[in-house]
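Subject: Structure handover

Hello,

Here is the structure for you to take over. My notes follow below it.

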There are 2 protein chains.
Amino acid sequence: MAERTDVCRRCTIVDLSAGEVIAESGMPIRHVYFPLTAFISSIATVNGQSSLEVSLVGREGAFGVSLAMGVGVSAWRAKVQGSGSAMRMSAEDFRTVLNVNPGLRRILQRYVHVLVSQIAQVAICACYHLVEERLARWMLMSHDRAVADTFHVTHEQLADILGVRRAGISMAAASLQARELIRYTRGKVTVTDRKGLEAAACDCYAATESIYASFLG
Amino acid sequence: MAERTDVCRRCTIVDLSAGEVIAESGMPIRHVYFPLTAFISSIATVNGQSSLEVSLVGREGAFGVSLAMGVGVSAWRAKVQGSGSAMRMSAEDFRTVLNVNPGLRRILQRYVHVLVSQIAQVAICACYHLVEERLARWMLMSHDRAVADTFHVTHEQLADILGVRRAGISMAAASLQARELIRYTRGKVTVTDRKGLEAAACDCYAATESIYASFLG
DNA sequence: CCGTGAAAGTACGGCAACGTACAGACCGGA
DNA sequence: TCCGGTCTGTACGTTGCCGTACTTTCACGG
């Protein structure tokens with residue numbers, strides 16, 4: 001599409017390594033990222049202590065779209081969850097491209113709507129579903145975005161992502177492993193039974209996927 | 001402002017009564033609402049059972065802004081929480097106004113960003129905070145939007161809003177009443193100690209307020 | 001090869017909220 | 001005035017997760 005070439009021209013390819021913080025809550029957004037093989041986690045906090053992942057973005061999306069809403073400040077901390085490459089554009093260039101490319105603007109607006117729906121799903125999921133179901137869901141999301149069957153994440157990180165104790169993740173992960181849906185050792189997770197994992201996850205996974213498909217498929 | 005008169009011209013004033021459903025999840029948004037004295041609750045559901053209020057909109061905001069994102073389908077059920085009046089515009093007119101009024105578009109885009117932040121706050125709040133704190137927070141939000149000190153809501157409704165048991169609301173509400181922060185009988189709630197209620201609520205109330213102020217104040 | 005630190009396993013009491021159920025209180029209409 | 005339905009109070013055992021803490025296991029660099 002025309003939107004795509006227009007974007008690519010102003011982007012540079014960058015390598016992102018896991019753990020890297022690309023935006024801080026309340027701070028200016030310097031760049032917009034369009035992940036290729038990397039994926040980015042947005043984490044909200046309260047009291048600087050309690051945290052919760054509100055969005056996970058891979059090649060299907062972008063980080064920094066609030067610039068398209070005329071807001072140049074990040075609402076959350078954004079960190080690289082999966083190492084890899086991404087296309088990057090300066091905030092300034094992004095604004096320019098948006099002005100001359102109404103097609104891109106339309107797409108990104110629809111994307112924002114999808115993002116809103118996803119965040120609401122995170123809310124209701126955190127409220128109602130068991131840790132194990134939520135963990136299974138996250139594994140699926142990560143699996144999709146990592147492209148590969150194996151990706152890196154520790155129980156500690158998962159605890160911050162789902163907003164539960166590290167010990168709680170250990171229990172849930174052990175259960176998923178016992179059911180032979182995943183395998184893991186010291187931060188390396190492998191999905192061994194995709195179908196089984198989908199059955200173990202709460203409906204939120206399917207719901208989120210279907211929303212994405214119907215607005216950006 | 002020019003945006004305002006432009007909007008008002010195409011609006012009709014309507015009376016909304018509590019409980020009225022103005023949009024259904026997955027269904028087309030027929031009208032955009034700018035509440036005056038009414039306020040509107042957006043409620044997400046999962047499995048048609050479990051529900052959670054993701055946004056509460058009064059005269060400070062609007063319902064139907066996803067149309068400004070190019071999406072004509074409501075992500076959630078929207079129902080009137082507080083009876084009163086609102087300005088209403090057809091979806092069609094709204095699209096037209098958006099096209100000829102870039103100022104309005106900019107404001108609404110910023111509003112969407114605020115909405116996104118608020119929903120994330122709901123998520124983290126539901127995840128970490130006690131029912132009583134969350135209830136206090138909701139009372140404050142309702143108090144702001146109702147303008148009056150008294151508004152109508154039953155424990156049953158509050159249970160759906162906060163995603164907890166009705167019995168849990170009864171306990172929390174009784175506690176707030178014992179502390180003389182509110183008074184209530186059969187669906188009629190009166191805020192008697194605003195300051196005290198603010199102290200009883202979690203930080204999410206202040207956080208949400210400050211985000212609103214900094215982007216739309 | 002061993003030491004060190006990170007990652008993960010496991011345990012404990014404690015508690016908030018759960019699901020369910022029933023009884024009392026109140027209001028409006030017949 | 002009484003009835004019926006709505007709203008609220010309250011109870012019970014259950015459970016999922018909490019906070020904390022200690023141990024075990026593994027990977028890696030010296």
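The largest nonpolar core has 149 residues, and A:I119, A:A123, A:L135, B:I119 and B:A123 touch the most other members. Such a core is a set of buried Ala, Val, Leu, Ile, Met, Phe, Trp, Tyr and Cys residues joined through C-beta atoms within 7 Å. Buried means that 20 or more other C-beta atoms, placed from the backbone, lie within 10 Å of the residue's own.

This is a predicted model: local features need pLDDT of at least 70, side-chain atom pairs count only at pLDDT 80 or more, and totals for chains, interfaces and linings use all residues. Residues are numbered from 1 along each chain as its sequence is written, while chains are lettered from A and ligands numbered from 1 in the order in which they are written.

Now the symmetry. Chain A superposes on chain B by a rotation of 180° with 0.0 Å of shift along the axis (RMSD 0.0 Å), fitted by least squares on C-alpha atoms of residues with pLDDT of at least 70 in both. That is the relation of a two-fold axis. In chain A, A:A123 has the C-alpha nearest the axis, 1.9 Å from it.

A:A123 also touches chain B residues, among them B:I119, B:V122 and B:A123; contact means C-beta atoms, placed from the backbone, within 7 Å. The copies meet through the same surface, because 100% of chain A's interface residues are also interface residues in chain B.

Last, the DNA. Around DNA strand D lie 20 residues, and A:V164, A:R165, A:G168, B:T154 and B:A167 come nearest (near: C-beta atom, placed from the backbone, within 6 Å).

Best wishes

Conventions. Contact = placed C-beta atoms within 7 Å. Buried ≥ 20, exposed ≤ 12 C-beta atoms within 10 Å, placed from the backbone. Lists of a residue's contacts leave out its neighbours within four places in sequence.
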